[in-house]
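Please consult the sequence and the coordinates while working through each solution.

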Amino acid sequence: NHDYLWNYDRIYTRLLFGKEVQQLIIVEGFKACIWLLQHGYKNTVALMGSSLSQKQLQLLLRVNAEILLFLDNDGPGQEGTMKIGAQLQQAVPAIRVIQYPQHVDEGCQPDDLAHTYLHQSISSAK
């Protein structure tokens with residue numbers, strides 16, 4: 001079901017009424033979302049897949065946020081990043097992609113990264 005964004009209910013009010021544009025990290029699954037939440041990235045939601053539905057897009061457009069895409073480092077995740085980037089490009093204040101460290105294997109997910117690599121990847125998003 002692609003009618004919701006996992007954890008959106010917890011961040012919606014903060015992003016809607018925040019005085020400044022905040023960052024919103026988008027991951028594929030709830031496990032990756034929980035991992036980022038545990039490491040202090042409170043504005044994280046999960047697609048529950050590697051694509052963005054029209055309903056999910058409408059939810060994202062309700063908030064004033066810079067989008068950081070952090071999908072899995074595999075074929076579907078990379079393809080999803082390109083497609084979602086194109087969907088959001090004209091609609092949001094800014095969109096950036098979080099790159100995985102060079103030493104990680106293809107197929108790596110955000111929840112596979114140790115805290116240090118996770119923080120480095122997010123802080124160097126392009």
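The exercises below each consist of a task and a stepwise solution.

The model is predicted: local features need pLDDT of at least 70, side-chain atom pairs count only at pLDDT 80 or more, and totals for chains, interfaces and linings use all residues. Residues are numbered from 1 along each chain as its sequence is written, and side-chain values use heavy atoms, with hydrogens and water left out.

**Exercise 1.** Determine how many salt bridges a search of the whole structure finds, and describe the one between Asp111 and Lys31.

*Solution.* 
1. The criterion is a side-chain nitrogen of Lys or Arg within 4 Å of a carboxyl oxygen of Asp or Glu.
2. Asp111 and Lys31 form a salt bridge through their side chains, with an N to O distance of 3.5 Å.
3. Asp111 belongs to the loop between strand E4 (94–97) and helix H5 (115–123), and Lys31 to helix H2 (residues 30–38), so the pair ties together parts that are 80 residues apart in sequence. Helices (H or I, at least four residues) and strands (E, at least two) are DSSP runs, numbered from the N terminus.
4. For accessibility, buried means under 20% relative accessible area, exposed over 50%, and partly exposed in between (1.4 Å probe, protein chains only). Asp111 is buried at 12%, whereas Lys31 is exposed at 57%.

**Exercise 2.** Locate the partners of the salt bridge between Arg96 and Glu66, and classify the accessibility of Arg96 and of Glu66.

*Solution.* 
1. In this salt bridge, the closest N and O atoms of Arg96 and Glu66 are 2.7 Å apart.
2. Arg96 is in strand E4 and Glu66 in strand E3 (residues 65–69); the pair links distant parts of the chain, 30 residues apart.
3. Arg96 has a relative accessible area of 22% and is therefore partly exposed. Glu66, with 15%, is buried.

**Exercise 3.** Explain how Lys83 and Glu79 are placed relative to each other in helix H4.

*Solution.* 
1. The side chains of Lys83 and Glu79 meet in a salt bridge at 3.1 Å, N to O.
2. Both residues lie in helix H4 (residues 75–88); because they are 4 residues apart, about one helical turn separates them.
3. Lys83 is exposed at 52%, while Glu79 is partly exposed at 46%.

**Exercise 4.** Is Asn7 buried or exposed, and which residues does Asn7 contact?

*Solution.* 
1. Asn7 is located in the segment before helix H1 (8–17).
2. With a relative accessibility of 4%, Asn7 is buried.
3. Contact means heavy atoms within 4.5 Å. Leaving aside neighbours within four places in sequence, Asn7 contacts Cys33, Leu37, Lys42, Thr44 and Val45.
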